[in-house]
Amino acid sequence: MMNALSERFGRGISALALFGCLLLLAMMLIIVTDVALRNFAIPGGPQGLSWSNEVSELMLYLITMCVAPWLLRQGQHIRVDIFLQAIPPRMAWALEWLGDVLGLLCCLVLAWYGAQATWASYVAGSLSIKTLVTPEWWSLAPLPAVFVLLSIEMVFRMHRLYHAERGPRQDAVSAA
């Protein structure tokens, strides 16, 4: 049951990571178009995209949010495991558990506070006023959603760790 849920969840976050890749492509196209329009004047045409920097900044944030759960699942988040490789396997396994529990708690706290900030922004009707004027909560909303996804993945990580060989994870790139 848990393995089937984990597999379905994995497909969902893989689709989200693919969406992040598409956002990266779109961001690249926006930047290239902006630079081209500024450097190659088209009579009567725009001389750049005034909103491109702002949209690119938001897209960088969204790309990060889209790929973070997938990276965690792949074991590709930043991780220094040289110490875990040097200590006895059972102790390393226990430290993996400690890291996962702390990671889960951090994700839950960030999801909670992110949801509170998003809701407060929505209720206050706060606006982000730059080149584009948008409701502030639009840019805040992905944060709690992604930290909920990261929390779920942390639970699946702990399930996989429980059923794995007693030692440090082998799913991450290691210096050992």
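Analyst: A nonpolar surface patch of about 940 Å² is formed by V80, I82, F83, M91, L95, L98, V101, L102, L105 and L108; patches are built from residues with over 30% relative accessible area and no salt bridge, with like charges joined within 9 Å and nonpolar side chains (Val, Leu, Ile, Met, Phe, Trp, Tyr) within 5 Å. Accessible areas come from the Shrake-Rupley method with a 1.4 Å probe, and for residues only the protein chains shown count as cover, while a salt bridge is a side-chain nitrogen of Lys or Arg within 4 Å of a carboxyl oxygen of Asp or Glu. This is a predicted model, in which local features need pLDDT of at least 70 and side-chain atom pairs count only at pLDDT 80 or more, whereas totals for chains, interfaces and linings use all residues. Residues are numbered from 1 along each chain as its sequence is written, and side-chain values use heavy atoms, with hydrogens and water left out.

Helix α4 supplies seven residues of the patch, the largest share, and α3 (82-86) also supplies at least two; helices (H or I, at least four residues) and strands (E, at least two) are DSSP runs numbered from the N terminus.

Leaving aside neighbours within four places in sequence, D100 is in contact (heavy atoms within 4.5 Å) with M154, R157, M158, L161 and R169. Among these, M154, R157, M158 and L161 are buried residues of α6, and the cover over the buried residues of α6 includes α1 (2-39), α2 (52-74), α4 and α5 (136-140).

The largest nonpolar core has eleven residues, M65, A68, L72, L104, C107, A111, V146, F147, L150, M154 and M158, a core being a set of buried Ala, Val, Leu, Ile, Met, Phe, Trp, Tyr and Cys residues joined through side-chain atoms within 4.5 Å. To this core α2, α4 and α6 each supply at least two residues, and α6 gives the largest share, five. With neighbours within four places in sequence again left aside, C107 is in contact with F147, L150, S151 and M154.

Definitions and conventions:
Buried < 20%, exposed > 50% of the residue type's maximum accessible area, 1.4 Å probe, protein only.
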